[in-house]
Every structure is written in C-alpha cells, then in structure tokens.
Amino acid sequence: MAQNTAREPAPDASLSRGDETRGQLLDAGLTLFSRYGYDSVTTRQLASEAGANIAAIAYHFGGKRDLYRAVLHRLVEDTEPLVGPVAQRMAEGIAAAGADKAALARVVAGFVHGFTSIFLEGDFMAHRAPMVMREYANPSQDFDILYEGRLGPIHRSVTALAAAALGMDPDSPEAKIRAHAVMGNLVVFEVAKQLLMRRTGWEAYTPDRIALVRRMITEAVLNSLRLPHPDNGDRQ
C-alpha cells in the first residue's frame, strides 16, 4: 500500500513576518504613548522604536490613531487574565457575604491583595498604568475603549462592594463616590510611586515593602467602608 507522502503546506513566511511587525508596532505604541502621550508621538518615532518601515503603520493599522486604538484594545486584553479573576472573586464574595461584615472584610482583603499584586509586583504595569493615567487625566476620543473594557467594570465591582458594606443603593452617587475613593487608595501607589520612593528613601517595591503597603491600604479601605479588621475582632 502506497504511503501518503503529502506534506502540510509550509507556513507563509510573509504572514509570520507581518504578525511580528504588527506586534512590534503595538509594543512601540504602548511604550511611546504611555511615556509621551498621543499628540507628542510621531509615526516616525513609532516606526523607529518598532524597527519597522514607517509605511507599516498604515499597512497594519491605517494610521497613528488606529494604532493608538489597537494599543488600548490590547491593554484591555492583556490585563484580563489578571484583573478578571480578581473581579470575579470579588463578585462571588459579595454575593456570598450578604450582610456579614466580617465576610465583606475578607472580600476587601482579597481585593486589595489582588490589585496590589497587579500594580506593584513586577513590571507588567510599567507602561500600561501610565497610559491609563494619561487617559484619566486627559481623556482622548478613545477613552470609551478603556472605560467599557476595563475601568467601568472595575468601578462597578468596587461600587457593589461599597454599597454592600455601607447599606447603600449601588446606583447612588454616594456609593460611586465611595468606590472612587477606595480605588484611589490603590492606584496612588503606582501613579505617585516616585513621591513615595523619595519620602521613604526606597528605590523600589520589594516583597516586604509591598506587604506593608498592602496592610496599610487594607486598613484604610476597611475604615472607609466601616468594616471590622480581621485581626482585631469586631473593631469598627
């Protein structure tokens, strides 16, 4: 019986090179847009950073604005494996806790632990966080990509936590403002990192320092939400 000697078609080298170039342009966009902002970055700088021909931007994305949008979409996608599970555990914890304040306090501790891990451990957020902060401070026409894909869902989750802890309507301005204050306790340690480094004499976050920051944030959030501290019984 004759053997089947047919071979799989060889991969198209031009396609693999195209994917590589596209990825390099996305990486360049994240680095430069986060560092300098959309308006200050030129297509020539993007191409140079990516090691690509300037025409590749138009070929793969259509233009600088489309590349910027693609970077925002990828930021949402890249952070989902980290943020999604934290948000899911928080939603499940809130539903299970009901009015049990000790259980809600444990949800807070888990939420703070998860988000400090994302923001402070490693350099994954080194360019992603500044890009998000630029959109916070000076929203572009593409802010909705981040809002719908990442920021809004997180804010709603924290609002649900605040509402459950304080007996508020989650749709009320008060619950949303309280959630905003809770989130501020977290993001400031990345946004204003250099200020803290100067004030403490630190050069970087180490595991011991992250543990200290995590404990301080947890205490602040528990106090804000009038929840007991797990290591202090029923103290309010």
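Me: What should I know before I start?
Reply: This is a predicted model, in which local features need pLDDT of at least 70, side-chain atom pairs count only at pLDDT 80 or more, and totals for chains, interfaces and linings use all residues. Residues are numbered from 1 along each chain as its sequence is written, and side-chain values use heavy atoms, with hydrogens and water left out.

Me: How many helices and strands does the protein chain have, and how do you know what counts as one?
Reply: There are 10 helices and zero strands. These are DSSP runs numbered from the N terminus: helices are H or I with at least four residues, and strands are E with at least two. Along the sequence, the pattern reads α-α-α-α-α-α-α-α-α-α.

Me: How do you know how the radius of gyration of the protein chain sets against that of a compact globule?
Reply: The radius of gyration is taken over C-alpha atoms, and the globule rule is 2.2 Å times the number of residues to the power 0.38. For 236 residues that rule gives near 18 Å, but the protein chain has 22 Å. The box filled by its C-alpha atoms is roughly 75 × 60 × 35 Å along the principal axes.

Me: What makes up the domain assignment of the protein chain?
Reply: It gives domain 1 (17-70) and domain 2 (79-224), with bounds that come from an automatic or database domain assignment. Their centres, taken over C-alpha atoms, are 30 Å apart. The contact between them takes 10 residues from domain 1 and 10 residues from domain 2, where contact means heavy atoms within 4.5 Å. Within the protein chain, 66% of the contacts with a separation of 6 or more join residues 24 or more positions apart.

Me: Why is glycine 149 called partly exposed?
Reply: Buried means under 20% relative accessible area, exposed means over 50%, and partly exposed lies in between (1.4 Å probe, protein chains only). Glycine 149 has 25% relative accessibility, so it counts as partly exposed. This glycine is found in helix α7. Leaving aside neighbours within four places in sequence, glycine 149 is in contact with Val76 and Asp144.

Me: Is aspartate 208 buried or exposed, and what makes it so?
Reply: Aspartate 208 has a relative accessible area of 66%, so it is exposed. Its place is in helix α10. For the protein chain as a whole, buried residues make up 42% of the 236 residues.

Me: What makes the phi of arginine 226 worth a look?
Reply: Most residues other than glycine have a negative phi. Arginine 226 has a positive phi of about 55 degrees although it is not a glycine. This arginine is found in the segment after α10 (207-224), and its relative accessible area of 52% is the reason it counts as exposed.

Me: Why is one space called a cavity and another a pocket?
Reply: On a 1 Å grid over the protein atoms alone, a cavity is a set of points where a 1.4 Å probe fits but cannot get out, whereas a pocket is an open set with protein on both sides within 12 Å along at least five of seven lines. Lining residues have an atom within 4 Å of a point. Grid points are joined across faces, edges and corners, and a volume is the space filled by probe spheres set on the points. The structure holds one cavity of 30 Å³ or more, and about 230 Å³ of space lies in the largest cavity. Of the 19 residues that line it, Phe115, Phe119, Arg150, Leu151 and Ile154 are the closest to its centre.

Me: How do you know which class of residue lines that largest cavity?
Reply: Ala, Val, Leu, Ile, Met, Phe, Trp, Tyr, Cys and Pro count as nonpolar, Asp, Glu, Lys and Arg as charged, and the others, Gly among them, as polar. By that list, the lining of the largest cavity divides into 17 nonpolar, one polar and one charged.

Me: What lines the largest pocket?
Reply: The largest pocket holds about 380 Å³ of space. It has 16 lining residues, and Tyr147, Leu151, His155, His180 and Met183 are the closest to its centre. The largest share, eight residues, comes from α7. By class, its lining has eight nonpolar, five polar and three charged residues.
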